[in-house]
Amino acid sequence: MANNTRPETMARITTPELAQAFIDEQLAQLRAQIGEKKVLLALSGGVDSSVVAALLIRAVGKQLTCVHVNHGLLRKGEPEQVIEVFRNQMNANLVYVDAVDRFLDKLAGVEEPERKRKIIGAEFIRVFEEEARKLDGIEFLAQGTIYPDILESGPVKAHHNVGGLPEDLQFELVEPLKFLYKDEVRVVGHELGLPDNMVYRQPFPGPGLGVRCVGAITRDRLEAVRESDAILREEFAKNGLAGKVWQYFTVVPDFKSTGITDGKRTYAWPVVIRAVNTVDAVTAEVAELPFPLLQHITERITHEVKGVNRVLWDITPKPSATIEWE
Ligand code: XMP
């Protein structure tokens with residue numbers, strides 16, 4: 001039975017020196033645990049899996065195989081960044097799986113949010129399983145489990161767990177971050193040389209943009225979500241809001257309204273801006289945004305995003321609304 005209690009003597013990792021001490025200790029432990037054997041990791045590009053990847057690359061190099069599944073619901077530039085950072089810069093063994101068509105075909109016509117989530121989760125495990133079967137001699141599965149996952153939900157939280165793999169594919173777990181809090185993971189990630197926009201990024205749900213393309217996902221509306229989200233993130237970064245607002249994104253609902261562009265009537269989607277602050281995501285308040293910035297973002301989105309003629313700002317706290325729209 002694995003020990004799942006953070007040692008009382010463990011100092012909170014708040015400085016580069018403490019992060020370096022943690023890294024040194026983990027490298028020794030990982031090398032002792034893994035030896036000459038092979039490890040597999042599902043690398044989403046989120047903070048936790050990225051930090052695990054960076055640690056394991058240092059500890060065991062090419063004995064690690066990272067699998068990055070592009071399910072088509074990632075933000076603009078994310079798959080490219082995973083390839084750039086891990087394959088090109090860190091020289092990792094990275095399997096990139098373009099599963100976009102597969103996921104979008106499975107999701108076609110599905111409106112109900114929880115069914116969308118289930119399809120995305122189940123399909124992810126299936127794709128990962130297929131990749132795992134192609135590899136010989138894997139004995140370990142690395143996971144980005146962090147301490148809140150253990151505290152919140154017993155063994156391992158569902159969205160971190162690519163468990164659910166069939167019986168004949170059970171590997172020994174490697175969980176180097178399991179006693180760390182999120183802020184400590186970020187300090188360690190920074191010390192490992194990961195880019196700031198990877199280490200200090202806002203929370204992003206497992207089902208990704210899939211729950212921000214409200215109702216049945218279509219490729220063109222999904223692109224409107226991705227492009228408008230990229231504009232919002234760019235403008236938040238430029239205006240010093242990226243590190244200050246807890247979570248911010250766009251949503252494209254499944255309805256159209258009339259508009260006018262170059263003297264011609266249009267019938268197109270609205271984009272909703274959502275930006276919230278919270279401590280624990282159980283309740284949330286709406287972030288106050290400068291009006292000129294909202295106007296500028298509106299202008300950019302209506303000019304640059306195909307199929308959009310209107311921008312709305314969601315000023316509803318949680319409760320009564322959830323943070324996401326689905
Ligand atoms: P809600 O919408 O429930 O969101 O107020 C609270 C926080 O949880 C995130 N979220 C998810 N994260 N899988 C995840 O990994 C999910 O299915 C999911 N749904 C919501 C949401 O982004 C917010 O930070």
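Q: Let's start with A281: how exposed is A281, by relative accessible area?
A: A281 is partly exposed, with a relative accessible area of 24%. Keep in mind that this is a predicted model.

Q: Where does A281 lie?
A: A281 is in the loop between β8 and β9 (285-286). Its phi is near 70°, a positive value in a residue other than glycine.

Q: Where is N91, which has a positive phi although it is not a glycine?
A: You'll find N91 in the loop between α3 (78-89) and β3. The phi of N91 is about 60°.

Q: Okay, on to the sheet. In what order do the 5 strands of the open sheet come?
A: The order is β3-β2-β1-β4-β5, and the pairing is parallel. β3 and β5 (172-174) stand at the edges with a single partner strand each, so one side of each is left without a neighbour in the sheet. On average, neighbouring strands of this sheet are turned by 30° against each other, direction ignored.

Q: How many bridges join β1 to β2?
A: There are 4 bridges between β1 and β2, which run parallel. As for partners, L40 is bridged to T65 in β2.

Q: And which helices lie on those strands?
A: Helix α1 (residues 16-34) lies across β1, β4 and β5, and it runs at about 165° to β5. Helix α5 packs on the sheet too, touching β1, β2, β3 and β4, with its direction at about 155° to that of β1.

Q: Tell me more about α5. How far does it reach?
A: Helix α5 covers residues 113-134, which is 22 residues, and reaches 32 Å from its first C-alpha to its last. That is close to the 32 Å expected at 1.5 Å a residue.

Q: Which residues of α5 are buried, and what covers them?
A: The buried ones are K116, I119, I120, E123, V127, F128, E129, E131 and A132. Their cover includes β1 (38-42), β2 (64-70), β3 (93-98), α4 (100-107) and β4 (138-142).

Q: What about α9, how does its span agree with its 20 residues?
A: Helix α9 (residues 219-238) should span 28 Å at 1.5 Å a residue, and its end C-alpha atoms are 29 Å apart, which agrees. Its buried residues include R221, L222, A224, V225 and L232.

Q: What do the buried residues of α9 pack against?
A: They pack against α4, β6 (247-251), β8, α10 (291-304) and β10.

Q: New topic: the ligand. Which residues are closest to it?
A: The ligand is surrounded by 12 residues, and the closest are R117, Q247, K318, I323 and E324. A polar side-chain atom of K318 lies 2.6 Å from an oxygen atom of the ligand. From I323, a backbone N or O atom lies 2.8 Å from a ligand oxygen. G206 also takes part, with a polar backbone atom 3.0 Å from an oxygen atom of the ligand.

Q: What kind of peptide bond joins K318 and P319?
A: It is a cis peptide bond, with omega about -15°. Another cis peptide bond joins P319 and S320, where omega is about 15°. P319 is in the segment after β10, and S320 is placed in the segment after β10 as well.

Q: Is E326 buried or exposed?
A: E326 is buried, because its relative accessible area of 14% is under 20%. This residue is in the segment after β10 (308-313). Its side chain reaches the backbone nitrogen of G215 at 2.7 Å. Beyond its sequence neighbours within four places, E326 contacts residues including K116, R117 and V214.

Q: Last one: which strand holds R274, and what does its side chain reach?
A: R274 is in strand β8 (residues 264-277), and its side chain reaches the backbone oxygen of T316 at 2.8 Å. The side chains of R274 and D314 are joined by a polar contact of 3.4 Å. R274 is buried, with a relative accessible area of 0%. Among the residues R274 touches are Y248, F249, I323 and W325.

Terms used
Residues are numbered from 1 along each chain as its sequence is written. This is a predicted model: local features need pLDDT of at least 70, side-chain atom pairs count only at pLDDT 80 or more; totals for chains, interfaces and linings use all residues. Side-chain values use heavy atoms; hydrogens and water are left out. Helices (H or I, at least four residues) and strands (E, at least two) are DSSP runs, numbered from the N terminus. The expected span of a helix is 1.5 Å times one less than its number of residues. Buried means under 20% relative accessible area, exposed over 50%, partly exposed in between (1.4 Å probe, protein chains only). Contact means heavy atoms within 4.5 Å. A polar contact is a pair of N or O atoms within 3.5 Å; within protein, one must be able to donate a hydrogen and the other to accept it, and residues adjacent in sequence count only if both atoms are side-chain atoms. Two strands pair if DSSP finds at least two bridges between them. Axes are lines fitted to C-alpha atoms, for helices over the stretch in contact, and angles run from 0 to 180 degrees between N-to-C directions. A residue is near a molecule or strand if one of its heavy atoms lies within 4 Å of it.
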